[in-house]
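Open the model in your viewer and keep the selection panel at hand.

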Amino acid sequence: MKDKDEKNETEVEAEKRTGEGIATEREVLEALTRILRRAETEDAVVKLRTETRSTDEDGRAYIDRDEHVEMHEQRPKLADVIHAAELLGKYHGMFGERLEGSIALPVIICGEDELK
């Protein structure tokens, strides 16, 4: 029971420090993951134009133009997905320097006299 109480107290303290208006670390990571998986959408303004060609009673041609704006949801652009992947990779330490090497250690066997 004490562990649960300590967790709750820790969460309450963290909430007090960050406040309600500031995203927590988990929220940021979840948002980046949704962008990476292209599950998040954003609104985009699309301008639609239509043209209608017709003739009037006198045989003169005229063009009736109309345009209007609509909002469409679109998935994140590839550049945004790559940037989210880069930020998550940096968070997880995937791009740090990797050192490879070998160490030669001498092996000493004790008790050789007792084997004979």
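In which helix does Ile35 lie? Select Ile35: the residue belongs to helix α2. Helices (H or I, at least four residues) and strands (E, at least two) are DSSP runs, numbered from the N terminus.

Before going on, note that this is a predicted model, in which local features need pLDDT of at least 70, side-chain atom pairs count only at pLDDT 80 or more, and totals for chains, interfaces and linings use all residues. Residues are numbered from 1 along each chain as its sequence is written, and side-chain values use heavy atoms, with hydrogens and water left out.

**Around Ile35**

Ile35 has a relative accessible area of 24% and is therefore partly exposed (buried means under 20%, exposed over 50%, partly exposed in between, with a 1.4 Å probe and protein chains only). Now show its neighbours. Leaving aside residues up to four places away in sequence, Ile35 touches Glu40, Pro76, Asp80, Val81 and Ala84; contact means heavy atoms within 4.5 Å. For Asp80, the C-alpha to C-alpha distance from Ile35 is 7.4 Å, across 45 residues of sequence.

**The α2 and α3 pair**

Select residues 25-36 (α2) and 78-91 (α3): their axes come within 8 Å and cross at roughly 140°. Axes are lines fitted to C-alpha atoms, for helices over the stretch in contact, and angles run from 0 to 180 degrees between N-to-C directions. The two helices, α2 and α3, are therefore oblique to each other; angles under 35 degrees count as roughly parallel, over 145 as roughly antiparallel, 65 to 115 as roughly perpendicular and the rest as oblique.

Show side chains next. On α2 the contact is made by Glu25, Leu29, Leu32, Thr33, Ile35 and Leu36, and on α3 by Asp80, Val81, Ala84, Ala85, Leu87, Leu88 and Tyr91.

Move to Arg38, in the loop between α2 and β1 (42-55). Arg38 is not a glycine, yet its phi is positive, near 60°. With a relative accessible area of 32%, Arg38 is partly exposed.

**The whole chain**

Zoom out and colour by secondary structure. The chain has three helices and two strands, in the order α-α-β-β-α from the N terminus. Of its 116 residues, 6% are buried. Among contacts with a separation of 6 or more, 57% join residues 24 or more positions apart.
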